[in-house]
Amino acid sequence: MNFSWGVGAVGAPLAIAALERSGHVAWTTYATTAAALTLCIWVASDKFSIPLTPKKAEAIPQTKSGQAIPEQERTLRQRREFYSGLVLCVLFFTYVGVETSIGGWIAVHARRLSVSGATFWAVVPAIFWGALLLGRASAPMLLRRIRQNKLAVAGLLLALAALVCILAAHSPEIIAVGAGLAGFGLASVYPINLALLSECFGSK
């Protein structure tokens, strides 16, 4: 799902770069907005049937041998789950902010450094989203050799180095390189966060 979603994010900057030359960006924005609002209204007015399932009684945690877990150990486990969930929530909040900020701001930053009338700056977000797409496609293969925690930490460090490169850049081309590295570094962070969330809380 993440991989498929990235296709639109990659194609949109390329479309904007082409429309920028013809001067039809505004009308295309209006048409896209109208189509999105129509789709939202249609989805909101549709009635979805929700299957009713009987509520299961909460099971008492047990060890592998089938014995009930002592109260003290259960309390420690619940406390560990709380702090793990808190850390994951902070990661989710930070990651979403970083991804959307880079994807939306990188073109403006590249345009400020552009000395000619070229529209290369409009393609820079496509490089970021394309690298993100490539990283999420290759993540399952990397996870066969690298533990998910190590891959997430390595990706965050690569993204941090890429952001330093972007902020220190003096040309749109250097920004494009930093955008590609940032996209590839951030690619596996969100899916791994989702996996850690399900590991921490299970189906609750």
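Biologist: Is tryptophan 129 buried, partly exposed or exposed?

Modeller: This is a predicted model. Tryptophan 129 has a relative accessibility of 11%. Buried means under 20%. So tryptophan 129 counts as buried.

Biologist: Which residues does tryptophan 129 touch, not counting residues up to four places away in sequence?

Modeller: Start with its place: tryptophan 129 is in helix 4, residues 124-142. Contact means heavy atoms within 4.5 Å. With residues up to four places away left out, tryptophan 129 touches Trp5, Ala9, Val10, Glu99 and Gly103.

Biologist: How many aromatic pairs does a search of the whole structure find?

Modeller: Rings of Phe, Tyr and Trp pair if their centres lie within 6.5 Å. The search of the whole structure finds four.

Biologist: Is the pair of tyrosine 95 and tyrosine 190 stacked or edge-to-face?

Modeller: The ring centres of tyrosine 95 and tyrosine 190 are 5.7 Å apart. Their planes meet at 25°. Planes under 30 degrees apart count as stacked. So the pair is stacked.

Biologist: How many residues apart in sequence are the parts that this pair ties together?

Modeller: Tyrosine 95 lies in helix 3, residues 71-113. Tyrosine 190 lies in helix 7, residues 189-201. So the pair ties together parts whose separation in sequence, in residues, is 95.

Biologist: What kind of pair do phenylalanine 128 and tryptophan 129 form?

Modeller: Both phenylalanine 128 and tryptophan 129 are buried. Their ring centres are 4.9 Å apart, with planes at 70°. Over 60 degrees counts as edge-to-face. So the pair is edge-to-face.

Terms used: Residues are numbered from 1 along each chain as its sequence is written. This is a predicted model: local features need pLDDT of at least 70, side-chain atom pairs count only at pLDDT 80 or more; totals for chains, interfaces and linings use all residues. Side-chain values use heavy atoms; hydrogens and water are left out. Helices (H or I, at least four residues) and strands (E, at least two) are DSSP runs, numbered from the N terminus. Buried means under 20% relative accessible area, exposed over 50%, partly exposed in between (1.4 Å probe, protein chains only). Rings of Phe, Tyr and Trp (its six-membered ring) pair if their centres lie within 6.5 Å; planes under 30 degrees apart count as stacked, over 60 as edge-to-face and the rest as tilted.
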